Amino acid sequence: MIGAYDFCGHYEWTFEWLRAQGGHELVKAYWDEAIRCDSQRHAAALIKAEGIEGMKKYWAHTLAEEAAGYFSTATDAVFRIDMHECPSKGFLIQNGLVQFGDYCDHCMGWIGPMMKDAGFVIDHEHTHRGQCWWEIRAASDESAPSAPGEMSGANDVRLRGDWPGPHDRYERATDPDDKTTDA
Amino acid sequence: MNSSGPLPYVDTKPVGAADFYFAINATFRFILARYGVEGLRRYWREIGSGYYAPVSERWRGGLGAVAEYWRAFFAAEPGAEVEVHASADEVRVEVKTCPAIKHLRAGGRDIVQCFCQHCFYVSDTIGESAGVAVRVSGGNGACVQRFVPRTPTLAPQDLAQIEEAR
């Protein structure tokens, strides 16, 4: 049986299997069709109906279930997550599993199109070591992301001593290909 | 990777998150739609020989190692009710409540009809290089999986013995 306990391991293996079958576009289609529209359809429905309130409910449930080390905060205009210990990437690091080029892209792969459909855009940055931050606001809101510490105080992941380093960044994005990578 | 325990891949939490069964079911549906049932079976075989290769390595320790694996495996699956009986010539895994089917039903998900076949294709592939075969009967929420030595006289899996999931 393919189980839930080590899900992140075979999920990452599957990305590479799909890439070998049909290239990057097939992996993107998988994140969108299988994960956003099928597996996580409950998240899409909740967030489309309730906006930021729906984001609070969805991530409170899912990150507790996955035992993540994170902090989240929100205003009426923006929802923010500071991920200090990503359970998913952490599982891969702990078990030495690397098949696919950038596992972290899968989050933007399904969350990006989901937010686009619900009328939101995403500012996001990740380290590839299990730390990242997300700010999600309405597409019509042209505000820049918060400064370090402004929304999350001392829980802001950008204030960690090990935060500096090569990162991947997304600015007002909804597509996993909208990525810039530090040299 | 865990080099000593029965499970090759270990997490910091004792039991997996049940919502991941939604993604497993959705993955099967996506591959089935793109590549048909033979493509899905190829995915199952290749994940068995690729991702699960460290499990094959453990099973080379004999049927005792197979029993130990399944006890640890189902202890980490949320909502599983499973008995593992080991004898000298067989490990019998009696799945009283399949955690995946249970959670998919609770979540109101359309379950891929051939979902239960994955247990045969994945496990039989894991067993190939370890001299172990599996024969599955039942499904759709409860089944029996018999792990036996892989011998030339062993009858092939009858897929009709594996129920469609609903």
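1. A word on terms before we start: two strands pair if DSSP finds at least two bridges between them, and the elements themselves are DSSP runs numbered from the N terminus, helices being H or I of at least four residues and strands E of at least two. With that in hand, a hairpin of six residues joins E5(A) to E6(A).

2. A note on the basis of all this: the model is predicted, local features need pLDDT of at least 70, side-chain atom pairs count only at pLDDT 80 or more, and totals for chains, interfaces and linings use all residues. Residues are numbered from 1 along each chain as its sequence is written, chains are lettered from A and ligands numbered from 1 in the order in which they are written, and side-chain values use heavy atoms, with hydrogens and water left out.

3. The sheet of chain A is open and antiparallel, with six strands in the order E1-E2-E4-E3-E5-E6. Strand E1 (69-74) and strand E6 (180-181) of chain A are at the edges with a single partner strand each, so one side of each has no neighbour in the sheet.

4. Now for the pairings in chain A. Seven bridges link strand E3 (residues 120-126) of chain A with strand E4 (residues 132-138) of chain A, and Phe120(A) has Ala138(A) as its bridge partner in E4(A). E3(A) is also joined to E5(A), by four bridges; here Glu125(A) is partnered by Arg169(A). Arg169(A) in turn has Thr180(A) of E6(A) as a bridge partner, and two bridges join E5(A) to E6(A).

5. Chain B has an open, antiparallel sheet of four strands in the order E1-E2-E4-E3. Its edges are strand E1 (81-86) and strand E3 (132-139) of chain B; each has a single partner strand, so one side of each is left without a neighbour in the sheet. The twist from one strand to the next averages 15 degrees.

6. Within that sheet, strand E2 (residues 91-97) and strand E4 (residues 142-149) of chain B run antiparallel and are joined by five bridges. Across E3 and E4 of chain B lies H5(B), at about 170 degrees to E3(B) (axes are lines fitted to C-alpha atoms, for helices over the stretch in contact, and angles run from 0 to 180 degrees between N-to-C directions).

7. How many residues of each chain meet at the interface? There are 53 from chain B in contact with 35 from chain A, contact meaning heavy atoms within 4.5 Å. The two chains bury about 3,900 Å² between them, 60% of it on carbon and sulfur atoms; buried area is the accessible area (1.4 Å probe) that two parts lose on being put together, summed over both. On the chain B side, Phe20(B), Phe30(B) and Tyr51(B) lose the most area to chain A, together 17% of what that side buries.

8. Two salt bridges are counted between the chains, a salt bridge being a side-chain nitrogen of Lys or Arg within 4 Å of a carboxyl oxygen of Asp or Glu. One of them is between Asp38(A) and Arg29(B) (2.7 Å, N to O). Helix H1 (20-49), helix H3 (63-75), helix H4 (99-106) and helix H5 (117-128) of chain B each supply at least two residues of the side that touches chain A. The largest share of that side, 19 residues, comes from H1(B).
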